[in-house]
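Q: Got a structure open here and want to go through its packing. Can we take it piece by piece?

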Amino acid sequence: MTKVTDPKTILDGSPMSRFQIMAVVLCILLNALDGFDVLAISFASPGIASEWAIDRASLGIVLAMELVGMAIGSILLGGMADKVGRRPTILLCLVLMTLGMYGASLVDTMNHMLVVRLFTGLGIGGMLASTNAMVAEFSNSKYRNLAVILMATGYPLGAIAGGSVSTILLQQFDWRAIFEFGAICTGAFLLLVWFLLPESVEYLANKRPANALMRINQTLRKMGRESIEQLPPTVQENSKPSYRTLFSQQYLRLTLLLMVGYFTHIMTFYFILKWIPKIVVDMGFTASLAGSVLVWANVGGALGALILGLAGGGNRLKPMLIGVLAMAFVMVCVFGTGQETLSGLSAIAALTGFFTNAGVVGFYALMASSFPSDIRASGTGVVIGIGRGGAALGPVVAGFLFNADFGLQMVSVVMAAGALVAAGVVFLMPASSPRVTEVPVEAKGT
């Protein structure tokens with residue numbers, strides 16, 4: 001048995017094993033599921049608006065409702081992931097998402113749709129906070145930022161797959177088929193996680209639940225690593241609840257900057273994602289073709305996330321993120337000029353998605369690297385939760401601006417400003433992440 005007793009040290013200094021890669025890939029797929037579940041309402045929105053005869057302002061509220069649920073879920077379930085574990089939280093989120101997606105296929109009024117989308121959003125919000133922490137803790141130090149960014153890349157990949165499937169479904173069925181398909185896929189992932197994804201060994205070493213040592217060694221063996229004889233000497237980082245720690249003097253500036261930056265940029269991001277299908281339909285194209293434009297926006301988003309992940313490691317992340325956010329502002333403004341052809345719309349949407357989504361995943365990498373493991377899920381959950389307020393606000397604000405007879409160009413400029421504010425916030429971020437004072441505590445051989 002190895003003399004090293006800290007699983008984090010073992011993983012940080014070792015190459016990524018096949019089991020670790022499998023765990024990261026599974027989390028990428030879970031985020032892809034999030035991408036489809038969030039955008040299902042966007043793909044379905046033209047049919048919903050037509051069937052229920054609702055105006056743009058009301059549709060904006062429908063589009064935003066699961067984002068409200070995501071804000072609540074990120075905060076509440078992100079904290080749960082730090083208390084009871086990443087794995088059980090992910091399983092709970094999948095149950096909520098499955099029930100919510102199936103429920104959306106059954107409703108026949110706007111008010112009922114608002115309720116089930118709020119319910120779905122609870123699971124989606126908790127999922128992102130949990131998988132962000134899980135990926136960071138299953139990765140070694142060399143590839144941690146890349147793994148987190150690739151996890152976030154799953155979101156547009158899910159939207160691409162979902163948009164492609166939705167386009168086919170809408171040619172044969174009505175909008176309800178989109179939610180039925182989503183419920184089936186989400187339920188399947190519930191089984192995959194149950195059988196394939198163990199708890200994070202870093203979480204087990206820090207929180208020390210029952211049989212922690214046995215569970216750590218089971219996972220280490222699956223990774224091809226040697227077992228440890230006892231749990232490592234732990235660090236009593238803070239006796240306060242993790243949420244209080246986030247807003248303590250040591251973490252306050254970091255937490256607030258991440259919240260403001262993510263909030264403002266996510267308004268810009270969700271304006272594009274939520275309104276593209278309706279904007280394209282209003283230009284005279286069919287709902288199925290409108291879905292294809294949103295697919296191209298997510299193709300660009302996936303490429304943007306991938307390139308940022310490959311090129312933005314280490315100290316390069318912050319300057320690259322500032323540049324990406326500035327270009328996101330420019331491209332959303334360009335999107336507002338409109339295009340006469342579907343190919344032109346698709347090309348501009350792809351470029352816009354490239355920069356807006358790269359900005360989002362850059363923030364995820366900042367969160368994962370800025371917060372220590374004891375408060376990583378809580379910190380990510382709070383930042384994403386507050387930020388989802390911006391996500392929910394974006395489609396609603398755009399809907400009211402459209403209803404007030406503002407043109408696409410003016411609405412796009414207003415909504416693009418969030419990315420510019422976010423770039424300024426990243427510039428103000430501290431050069432290094434704070435760490436709480438460490439007090440050694442005697443190791444236990446649980």
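Q: How many residues are in the largest nonpolar core, and which have the most contacts inside it?
A: This is a predicted model. Its largest nonpolar core has 140 residues. Met113, Tyr270 and Tyr364 have the most contacts inside that core.

Q: Which helix gives the most to this core?
A: H2, with 18 residues.

Q: Back to Tyr364. What does Tyr364 touch, not counting residues up to four places away in sequence?
A: With those left out, Tyr364 touches Leu128, Asn132, Val148, Ala152, Tyr262, Ile384 and Arg388.

Q: Now H2 and H7. At what angle do they pack, and how far apart are their axes?
A: Helix H2 covers residues 18–52 and helix H7 covers residues 176–196. They pack at an angle of about 165°, with their axes 9 Å apart. H2 is therefore roughly antiparallel to H7, since angles over 145 degrees count that way.

Q: Is the crossing of H2 and H7 left-handed or right-handed?
A: The crossing is left-handed.

Q: And how do the residues of that contact divide?
A: The contact of H2 with H7 has 20 nonpolar residues, two polar and three charged.

Q: Does His265 count as buried or exposed?
A: Buried, because its relative accessibility is 1% and the cut-off for buried is under 20%.

Q: What does His265 touch, again not counting residues up to four places away in sequence?
A: On that basis, His265 touches Leu325, Ala328, Thr356, Gly359, Val360, Phe363, Gly418, Ala419 and Ala422.

Terms used: Residues are numbered from 1 along each chain as its sequence is written. This is a predicted model: local features need pLDDT of at least 70, side-chain atom pairs count only at pLDDT 80 or more; totals for chains, interfaces and linings use all residues. Side-chain values use heavy atoms; hydrogens and water are left out. Axes are lines fitted to C-alpha atoms, for helices over the stretch in contact, and angles run from 0 to 180 degrees between N-to-C directions. Helices (H or I, at least four residues) and strands (E, at least two) are DSSP runs, numbered from the N terminus. Angles under 35 degrees count as roughly parallel, over 145 as roughly antiparallel, 65 to 115 as roughly perpendicular and the rest as oblique. A crossing is left-handed if the near helix is turned anticlockwise from the far one by less than a right angle, and right-handed if clockwise. Ala, Val, Leu, Ile, Met, Phe, Trp, Tyr, Cys and Pro count as nonpolar, Asp, Glu, Lys and Arg as charged, and the others, Gly among them, as polar. A nonpolar core is a set of buried Ala, Val, Leu, Ile, Met, Phe, Trp, Tyr and Cys residues joined through side-chain atoms within 4.5 Å. Buried means under 20% relative accessible area, exposed over 50%, partly exposed in between (1.4 Å probe, protein chains only). Contact means heavy atoms within 4.5 Å.
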